[in-house]
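This briefing goes through one protein structure by topic.

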Amino acid sequence: MSARLLVAGVGNIFLADDAFGPEVIRALDQDPLPPEVRVRDFGIRGMDLAYELLDGYDTAVLVDASVRGHEPGTLSLIEPDLPDGSTAGAPPEAHGMDPAKVLALAAHLGDEPLPRVLVLACEPELRAPADEDIAPGISATVREAVGRAVAALHTMVPVLLADPAATPPLSRPDESAPLSSAGLPGMVSGGAEDR
């Protein structure tokens, strides 16, 4: 029996390269993953993603733009530390799409542990200026990275379906290891402290 796997695109299509996650999900329409994988664009709907993470998945791969200090278009595979939901205090923020806040919200809402979460991140080149609400269109560099992200997902997904705890062939995200090449051009791996 194969594992339950979610591939979730996150990001705002109106904020330049933040549209990376939704663009990857759209590209998967032309080059689909196996039918047993749930592929969905969550955009900026953090509450929807939080509830989806509670639906019994073994692994979730979030596809997102993330500033990590690399060359624009660089893909990184990150395995963040997951919140356990046992911390007291006010509930986490329920609006927006900061993946760390969405994971905290999902942990707060659910009784069961969260699935293993991996983040396939792309270093943005264009970001919307702070004083602008809309900056449509992604850079050519990040658009090129969309195809590499689709190829990376096609490499990772069969491994994760067979064993959700397996090390994807792109190299294991490990926070104690320095950033290094991870088997695909422009791909690096990093740990939770880099997110």
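Helix 4 has a kink of about 25 degrees at Met 156, shortly before the proline Pro 158. The structure is a predicted model, with a mean pLDDT of 79 for the protein and 75% of its residues at 70 or more.

**Helix 4**

- Helix 4 covers residues 140-162, which makes 23 residues.
- From first C-alpha to last the helix reaches 35 Å, close to the 33 Å expected at 1.5 Å a residue.
- Met 156, where the kink lies, is among the buried residues of helix 4.
- Other buried positions in this helix include Val 142, Ala 145, Val 146, Ala 149, Val 150, Ala 152 and Leu 153.
- The buried residues of helix 4 also include Val 157, Leu 160 and Leu 161.

**Strands 4 and 5**

- Strand 4 (residues 75-78) pairs with strand 5 (residues 116-122) in the antiparallel sense, over four bridges.

**Salt bridges**

- The whole structure contains eight salt bridges.
- One of them joins Arg 26 and Glu 23, with the closest N and O atoms 3.1 Å apart.
- Both of these residues belong to helix 1 (residues 20-28), where they sit three residues apart, about one turn of the helix.
- Arg 26 counts as exposed because its relative accessible area is 54%, whereas Glu 23 counts as buried because its value is 15%.
- Glu 23 also forms a salt bridge with Arg 143, and here the closest N and O atoms are 3.3 Å apart.
- This second pair links distant parts of the chain, with Arg 143 in helix 4 and Glu 23 in helix 1, 120 residues apart.
- Arg 143 is partly exposed, at a relative accessible area of 42%.
- Glu 144 and Arg 148 are four residues apart in helix 4, so about one helical turn separates them.
- Glu 144 is partly exposed at 45% relative accessible area, while Arg 148 is buried at 19%.
- Shared partners among the salt bridges join Glu 23, Arg 26 and Arg 143 into one network.

**Confidence**

- Confidence is highest in helix 1, at a mean of 97.
- Strand 6 (residues 187-190) has the lowest confidence, at a mean of 49.
- Over residues 171-186 pLDDT stays under 50, and the model has 39 contacts beyond four places in sequence for this stretch.
- Residues 191-195 likewise stay under 50, with 19 contacts beyond four places in sequence.
- Where pLDDT is low, the predicted coordinates should not be read in detail.

Methods:
Residues are numbered from 1 along each chain as its sequence is written. This is a predicted model: local features need pLDDT of at least 70, side-chain atom pairs count only at pLDDT 80 or more; totals for chains, interfaces and linings use all residues. Side-chain values use heavy atoms; hydrogens and water are left out. Two strands pair if DSSP finds at least two bridges between them. Helices (H or I, at least four residues) and strands (E, at least two) are DSSP runs, numbered from the N terminus. The expected span of a helix is 1.5 Å times one less than its number of residues. The bend at a residue is the angle between axes fitted to the seven residues ending there and the seven starting there. Buried means under 20% relative accessible area, exposed over 50%, partly exposed in between (1.4 Å probe, protein chains only). A salt bridge is a side-chain nitrogen of Lys or Arg within 4 Å of a carboxyl oxygen of Asp or Glu. pLDDT is the predictor's confidence in each residue, from 0 to 100. Contact means heavy atoms within 4.5 Å.
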